[in-house]
Amino acid sequence: MANSLNSRIVRAMIMLTLLAFAVVYFGLIAYFFFIYEWLYPEFTDDDVLRTGDIVTLGLLLGIGLFTASLMGWVLARRIADPLKSVAAAARKVANGDFSARASLRRGNFGEASDLVDDFNQMAGRLQRAEAELKYSNSAIAHELRTPLTILRGRLQGLLDGAFTPSSELYGRLINHVDDLSAIVEELRTLALSNAGQLDLQYSSLDIATEAEAALASLEGHFDAAGITVTRQLSSAVLSADRARLRQAFVAVLENGCRYAPQSTVHVETGMDEKHVFFRCTDTGLGLSKESRARAFERFWRADDSRGRSSGGSGLGLSIVKAIAQAHGGDALIFLANQPGLTVEIRLPCQVRPVV
């Protein structure tokens, strides 16, 4: 290819060699044929540059051109090969093959290595995002299908006269609509988080007060699940989105209600050297190491056989992590010192006076 990077580098090396040699060559000729005799008239013509010397210079020029061409070709290969590899992999990715990766030979430049590594990391993220999107689409369809089917069946039964209208029936229908609305809102929150557009309205708040409010809103759920709640709420003031933070607290507590019935749930808040934390520890059955690693995945449940009635939508802890990360923090899950599980939300220490 006439305009390929290889050919351009080789031509550039040849032109540089020719230019340098031309300056030396014609400079020497001018010196020996014109300036030398004027400066040193006492020397004879035998001392002046002979034809053989000019031929020698020509041979040196040829050797220089060959060497420059060879060096240019080697340099061009070292520069162009990573670019060609990245370009070929990029075309595959553009055609939908997210498994494509660029390769790198030994001895390449550090910048080439960085380019290939960055491209491969980008392709890896795209591959994971594609897999997650496929899984999410399938899971969303599955999660929405059940309440929609039930809702349609009840409405069809009312239309056909199979069901007698009653406040209890209408209440169940409203609950199904509420389930659908909750799933849609949860998916919206996750989508905004993934796009980096989760809008947070910061205000100064006390994490202990927000935790107490979340606990108060779920008293009925704890009683129904036979859960005993203990608390150790230490005050810690920070700047955060009050509504989103309380949403995360409620999701963690609901997770305890759902998966650790007839247990004790201990809630702690406070601040250490680096973080403000909300910690919820239950004395339930806990989770295996593999399950803990997947706990924050969307639509994942500890027991795949659970339906939505007992296992929730599988989005709760995903939203907890998304909200924590949007605040610059994180959510973690690990085994407690006793049988059970601990879910912890860590937020940066941005302590401000309460307004």
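In helix H10, which spans residues 316-326, the buried residues are Leu317, Ser318, Ile319, Val320, Ala322, Ile323 and Ala324; buried means under 20% relative accessible area, exposed means over 50%, and partly exposed lies in between, with a 1.4 Å probe and protein chains only. Helices (H or I, at least four residues) and strands (E, at least two) are DSSP runs, numbered from the N terminus. The model is predicted, so local features need pLDDT of at least 70 and side-chain atom pairs count only at pLDDT 80 or more, while totals for chains, interfaces and linings use all residues. Residues are numbered from 1 along each chain as its sequence is written, and side-chain values use heavy atoms, with hydrogens and water left out.

Just after H10, glycine 328 takes a positive phi of about 85°. Histidine 327 has its place in the loop between H10 and strand E6 (330-335), and with 7% relative accessibility it counts as buried. Not counting residues up to four places away in sequence, histidine 327 touches Leu200, Tyr202, Ala240, Asp241, Arg244, Leu347 and Pro348, where contact means heavy atoms within 4.5 Å.

Helix H7 packs with H10 at an angle of about 145°, their axes being 9 Å apart. Axes here are lines fitted to C-alpha atoms, for helices over the stretch in contact, and the angles run from 0 to 180 degrees between N-to-C directions. The crossing of these two helices is left-handed, a term for the near helix being turned anticlockwise from the far one by less than a right angle, whereas clockwise gives a right-handed crossing. On the H7 side the contact involves Arg244, Leu245, Gln247, Ala248, Ala251, Val252 and Asn255, which meet Gly316, Leu317, Ile319, Val320 and Ile323 in H10. By class, this contact of H7 with H10 divides into eight nonpolar, three polar and one charged residues; Ala, Val, Leu, Ile, Met, Phe, Trp, Tyr, Cys and Pro count as nonpolar, Asp, Glu, Lys and Arg as charged, and the others, Gly among them, as polar.

Helix H7 also meets H5, and the axes of H5 and H7 come within 9 Å and cross at roughly 50°. That angle makes H5 oblique to H7, since angles under 35 degrees count as roughly parallel, over 145 as roughly antiparallel, 65 to 115 as roughly perpendicular and the rest as oblique. The crossing of H5 with H7 is right-handed. Residues of H5 in this contact include Glu210, and those of H7 include Arg246.

Glutamate 210 and arginine 246 also form a salt bridge, which is a side-chain nitrogen of Lys or Arg within 4 Å of a carboxyl oxygen of Asp or Glu. This pair links distant parts of the chain, with glutamate 210 in H5 (residues 207-217) and arginine 246 in H7 (residues 242-259), 36 residues apart. Glutamate 210 is buried at 1% relative accessibility, while arginine 246 is partly exposed at 32%.

| Glutamate 210 | Arginine 246 | 2.6 Å |

Glutamate 168 and arginine 172 are separated by about one helical turn because they lie four residues apart in helix H4 (residues 167-194). Glutamate 168 is exposed at 56% relative accessibility, and arginine 172 is partly exposed at 38%. Aspartate 330 is likewise partly exposed, with a relative accessible area of 26%. Elsewhere, Glu268, Arg279, Glu344 and Arg346 are linked in a network of salt bridges.
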